[in-house]
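This report goes through a single chain model, moving from helix packing to the sheet, then to backbone geometry and charged pairs. Please keep the sequence and the model in view while reading.

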Amino acid sequence: MTGNVLFLMSDEHSREIAGCYGNPLVRTPNLDALAARGVVFDNAYCNSPICVPSRASLATGDHVHRIGYWDSAAAYDGRVPSWHHRVRAAGHDMVAIGKLHYRSADDDNGFSAVQHAMYVLDGIGDTHGLLRRDRRVREVSRELAGEAGRGMSVYTRYDTKVADATVRWLRERGKSREDGKPWVLFSSMVSPHYPLIAPDAFYDLYAGIELPRPRFYGEAERPDHPVIDHYRATWNYDEHFDEERLRIGLTAYYGLCSFLDFQIGRILATLEESGFADDTLVLYTSDHGENLGNRGLWGKCVMYEESSGVPLLMAGPGVAAGARCATPVSLVDIYPTVVEFACGALDARERALPGRNLVGLVGEHPADRVVFGEMHDDGSMTGTFMVRRGDWKLVHYVGGPPQLFDLAADPFEARDLAGRSDTAEVQRRLYEELHRIVDPEAADRRAFADQEARIERLGGVGAILARPDFNFTPLPVS
């Protein structure tokens with residue numbers, strides 16, 4: 001038996017800023033209600049902590065170093081089979097509404113219908129991010145603090161349009177329920193991605209509340225690591241925050257999380273009204289997290305939990321209500337979850353992919369499962385690779401010092417235990433797990449080689465620097 005799938009996605013949502021993940025201040029009643037009737041994955045990760053590679057990995061169910069969509073100027077183009085292709089090939093409606101961050105509408109990305117899709121700029125994306133080796137400042141980073149405040153932005157208007165279209169689609173599809181055909185609907189909003197501008201009603205929810213100050217925010221508290229320092233220098237967001245701008249920025253981010261929750265609530269209410277709730281698997285996640293000032297970092301692009309961790313909720317047929325799953329999972333697990341629910345058994349190629357059906361993982365709770373992430377994009381002077389197994393997390397930087405964290409004892413990653421005699425065996429085992437997945441040095445060489453070839457095809461460094469720089473993908477959308 002197969003059923004429908006409603007896949008809801010956001011952008012840059014820190015799992016810390018959701019009630020179902022334990023935040024007592026943020027108001028996310030609709031996500032919390034979804035969590036209450038399903039399962040919360042407490043240790044979910046993206047596979048690359050930046051939009052374009054993360055979404056390519058999500059689509060294909062495979063790791064970035066295997067599919068070659070390394071960065072924000074190498075967007076998914078339909079070349080590698082996706083779960084979208086698989087669902088459509090089974091004869092089901094495979095509909096996308098909202099942000100994709102793929103290359104172009106001219107590519108066959110596997111959808112039977114697309115509405116209000118956001119692609120990378122000009123089919124090329126952020127080419128400035130290809131210039132990774134030398135330390136330089138992305139001057140557009142000043143916009144994050146400078147724009148923060150209340151009001152409507154191009155992105156919140158866009159998200160309202162995406163939610164409106166999703167509601168309309170569900171209502172129209174509900175009128176033809178008698179055809180009995182399963183469908184998969186991918187509804188993707190941008191909030192709470194910056195600009196940090198929240199609509200008045202949602203900003204005002206937090207305007208009078210003292211929100212938590214970022215962790216390790218003082219200069220002396222910040223980690224001393226060459227790769228992290230390089231990212232902070234490239235995207236020097238925090239240099240433009242004073243105490244007042246910090247308060248406004250945090251207030252706006254909380255407001256955007258509540259705005260996102262409101263739009264999701266509209267969609268879930270329509271799912272119920274249309275009669276689909278009982279036979280539809282609902283998944284909610286984000287493409288990566290948000291540093292939100294912790295360690296003086298904003299945005300994403302690093303392997304700390306705030307950036308590489310994502311919220312992940314699942315509810316529907318066969319999913320236990322009110323459950324929590326501590327097993328590490330990642331976005332490559334979406335592929336088998338959707339395909340097995342909507343289409344049935346995986347084929348041989350799909351069984352070789354790294355993901356597992358989330359429904360099965362909830363039942364098994366394998367404590368020693370390994371999840372993996374990597375980063376080859378702007379602000380990362382070298383390839384960064386992460387493995388988590390159980391409570392331990394290793395971050396390997398090609399040519400740089402590793403980091404090792406015991407997340408059970410130190411969930412905020414304050415103490416780097418790499419290189420110590422009492423953790424040497426743990427570190428050795430995690431390196432074995434890393435090398436089972438990838439040769440990091442070889443992958444790093446391939447990433448830089450591909451990026452250098454693209455720099456030349458685009459006319460060289462000078463031509464790239466002459467292109468417009470931007471802090472977030474501009475609208476309009478096609």
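## Packing of helix 6 and helix 9

Helix 6 (residues 154-174) and helix 9 (residues 243-273) pack at an angle of about 10 degrees, and their axes lie 8 Å apart. That angle makes helix 6 roughly parallel to helix 9, the term being used for angles under 35 degrees, while those over 145 count as roughly antiparallel, 65 to 115 as roughly perpendicular and the rest as oblique. Axes here are lines fitted to C-alpha atoms, for helices over the stretch in contact, and angles run from 0 to 180 degrees between N-to-C directions. Helices (H or I, at least four residues) and strands (E, at least two) are DSSP runs, numbered from the N terminus.

The contact, meaning heavy atoms within 4.5 Å, brings T156, D159, T160, A163, D164, T166, V167, L170 and R171 of helix 6 against L256, F259, Q263, R266, I267, T270, L271 and E273 of helix 9. Sorted by class, the contact of helix 6 with helix 9 has seven nonpolar, five polar and five charged residues; Ala, Val, Leu, Ile, Met, Phe, Trp, Tyr, Cys and Pro count as nonpolar, Asp, Glu, Lys and Arg as charged, and the others, Gly among them, as polar.

## Basis of the values

The model is predicted, and local features need pLDDT of at least 70, side-chain atom pairs count only at pLDDT 80 or more, whereas totals for chains, interfaces and linings use all residues. Residues are numbered from 1 along each chain as its sequence is written, and side-chain values use heavy atoms, with hydrogens and water left out.

An open sheet of eight strands has the order 5-4-7-1-9-11-2-12, with mixed pairing; two strands pair if DSSP finds at least two bridges between them. Its edge strands are strand 5 (113-119) and strand 12 (323-325), each of which pairs on one side only. Neighbouring strands of this sheet are turned by 15 degrees against each other on average, with direction ignored.

Strand 4 (residues 93-102) runs parallel to strand 5 and is joined to it by five bridges, and I97 stands opposite Q115 in strand 5. Helix 2 (residues 51-60) packs on the sheet, where it touches strand 1 (4-11), strand 4 and strand 7 (183-192), and its direction makes about 155 degrees with that of strand 4.

## Backbone geometry

A cis peptide bond with omega of about 5 degrees joins S191 and P192, and P192 is placed in strand 7. Another cis peptide bond joins Y194 and P195, with omega of about 20 degrees; P195 is in the loop between strand 7 and strand 8 (197-198).

H101, although not a glycine, has a positive phi of about 60 degrees, and its place is in strand 4. H101 counts as buried at 6% relative accessibility, where buried means under 20% relative accessible area, exposed over 50%, and partly exposed in between (1.4 Å probe, protein chains only). H116, likewise not a glycine, has a positive phi of about 50 degrees; H116 lies in strand 5 and is partly exposed, with a relative accessible area of 26%.

## Charged pairs

Side chains of opposite charge can pair when their charged atoms come close. The structure holds 42 salt bridges, each being a side-chain nitrogen of Lys or Arg within 4 Å of a carboxyl oxygen of Asp or Glu. In one of them R324 pairs with D42, the closest N and O atoms being 2.8 Å apart. This pair links distant parts of the chain, with R324 in strand 12 and D42 in the loop between strand 2 (38-41) and strand 3 (44-45), 282 residues apart. R324 is partly exposed at 42% relative accessible area, and D42 is partly exposed at 24%.

D122 forms a salt bridge with R467 in which the closest N and O atoms are 3.9 Å apart. Because D122 lies in the loop between strand 5 and helix 5 (142-147) and R467 in the segment after helix 16 (461-466), the pair ties together parts that are 345 residues apart in sequence. D122 counts as exposed at 58% relative accessibility, whereas R467 is partly exposed with 24%. The side chains of E413 and K393 also meet in a salt bridge (2.8 Å, N to O); E413 counts as buried at 4% relative accessibility, and K393 counts as buried at 0%. A network of salt bridges links D126, R136, R138, D378 and D469.
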